[in-house]
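Subject: Structure handover

Hello,

Here is the structure I promised to pass on. Please open it alongside this note, which goes through what turned up.

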Amino acid sequence: MSSKEGIHVYVRVRPPISDDLNYATAVHASSSTTINLSDKKHDVTCEYENVFPETATQTDVFDAVQPLLNDVLNGFNGCIFAYGQTSAGKTHTMLGKNGGQYLMDYKYEWGLLPRAADYLFRELQQKEQAGIISFKVKCSFLQLYNECIYDLLNNSSPSIVNTNTNDDEDIGKRDVGLKIREVSHDSIAKKHRKSKQAPSNDNMEVYVSGLSEFRVHSASDVITLLTLGSNNRATRATAFNESSSRSHAILTLNFEIEMLQTDSNGATTIYRSKLNMVDLAGSEKMYTHNESDTQFNSS
């Protein structure tokens, strides 16, 4: 974000649910930057960049991370991820009500992912209409489950053009998970082919082979893919949550923003950046160890 620190840690305290009402409250948001953990044996105060109390809204959380989105529009890569125990409210914060499955019906409950898409496209479209920029955005959505990578959009709507270049090597392997690859950037690769030297790790780019990538033109396109992917995500009942997300889900937006005004030398500036938004699986033992109980909800 726009500060000296590369990583910011925010804490959100969720309101109590039915089971919590039988116990004394141990977590208190004592200020906008401090949180107090207290019980019969401990009394600890921790400080973070931002602390959201139980009364904080989805809008409050989004307003705090909005500077990161502005940095993404200026060519910086960004990542937002939610970490915590099962039923802590990660998916609600990242996606919204009902795990993001009915986003268009609960816009007022939108989490960070749909709000970020809405904000970014509004900013881009306003600048495009003013003749300042042109832009391209591509979207992918995957889950990491049982140490395997799955494409959450492989049954996506045909109304949005798929820009993925087919990888014949991995198309037949999706049932066992996609593969992570490394490749050097084009200019680096050409240089090293001529010199017959192996590229260094610093010049390598990591990607998921065979992962679908879709050209999106609006926030509505992103939300359509987000809803589809959320429905395809692995869930399972736990002691804290009847339909807990059991996989790590990563939505990636790739931006290419071209400035339409050239400099004194006639050169055009192009910003390329990536935004990763991650909803991590919760940590908690499941009701059953029978793997056949795992549900891959299909649209």
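The chain exposes about 17600 Å². Carbon and sulfur atoms supply 49% of that area. Please keep in mind that this is a predicted model.

Overall picture

There are 299 residues in the chain, and 37% of them count as buried. The fold has six helices and 16 strands. Take the contacts between residues at least 6 apart in sequence: 68% of these join residues at least 24 apart.

The cores

In soluble globular proteins, nonpolar side chains tend to be buried together. Here the largest nonpolar core has 46 residues. Which of them touch the most other members? They are Leu112, Leu124, Val137, Phe255 and Met277.

A second core is separate and has five residues. Among them are Leu142, Ile149, Val208 and Leu211.

Gln58 is found in helix 1. Is Gln58 buried or exposed? Its relative accessible area is 7%, under the 20% cut-off, so Gln58 counts as buried. The side chain of Gln58 makes a polar contact of 2.8 Å with the side chain of Arg12. A polar atom of the Gln58 side chain also lies 3.4 Å from the backbone oxygen of Trp110. Not counting residues up to four places away in sequence, Gln58 touches Arg12, His92, Thr93, Gly96, Glu109, Trp110, Gly111 and Arg115.

Ser247 sits in the loop between strand 13 (244-245) and strand 14. Ser247 is buried, at 0% relative accessibility. Which side chain does the side chain of Ser247 contact? Gln143 is the partner, in a polar contact of 2.7 Å.

Asp60 is also in helix 1. At 36% relative accessibility, Asp60 is partly exposed. A polar atom of the Asp60 side chain lies 2.9 Å from the backbone nitrogen of Thr57.

Salt bridges

How many salt bridges are there? The count comes to three.

- Arg122 and Asp118: the closest N and O atoms are 3.2 Å apart. Both residues lie in helix 3, four residues apart, about one turn of the helix. Arg122 is partly exposed at 39% relative accessibility. Asp118 is partly exposed too, at 23%.
- Glu213 and Lys138: the side chains meet at 3.6 Å, N to O. This pair links distant parts of the chain, 75 residues apart. Glu213 is in the loop between strand 10 (204-209) and strand 11, while Lys138 is in strand 7. Lys138 is partly exposed, with 32% relative accessibility.
- Arg272 and Glu256: the side chains meet at 3.2 Å, N to O. Arg272 lies in strand 15 and Glu256 in strand 14, so the pair ties together parts 16 residues apart in sequence. Arg272 counts as exposed, at 54% relative accessibility. Glu256 counts as partly exposed, at 27%.

A surface patch

Which residues form a nonpolar patch on the surface? They are Val27, Leu37 and Val44. Together they have about 190 Å² of accessible area. Val27 lies in strand 2 (residues 27-28). Its relative accessible area is 32%, between the 20% and 50% cut-offs, so Val27 counts as partly exposed.

Best wishes

Conventions: Residues numbered from 1 in each chain as written. Predicted model: local features only at pLDDT ≥ 70, side-chain atom pairs only at ≥ 80, totals over all residues. Heavy atoms only, no water. Core = buried A, V, L, I, M, F, W, Y, C linked by side-chain atoms within 4.5 Å. Buried < 20%, exposed > 50% of the residue type's maximum accessible area, 1.4 Å probe, protein only. Helix = DSSP H or I, 4+ residues; strand = E, 2+ residues; numbered from the N terminus. Polar contact = N/O pair within 3.5 Å; in protein donor to acceptor, adjacent residues only side chain to side chain. Contact = heavy atoms within 4.5 Å. Salt bridge = Lys/Arg side-chain N within 4 Å of Asp/Glu carboxyl O. Patch = residues over 30% accessible without salt bridge, like charges linked within 9 Å, V, L, I, M, F, W, Y side chains within 5 Å. Areas by Shrake-Rupley, 256 points an atom, 1.4 Å probe, with all protein chains shown as cover.
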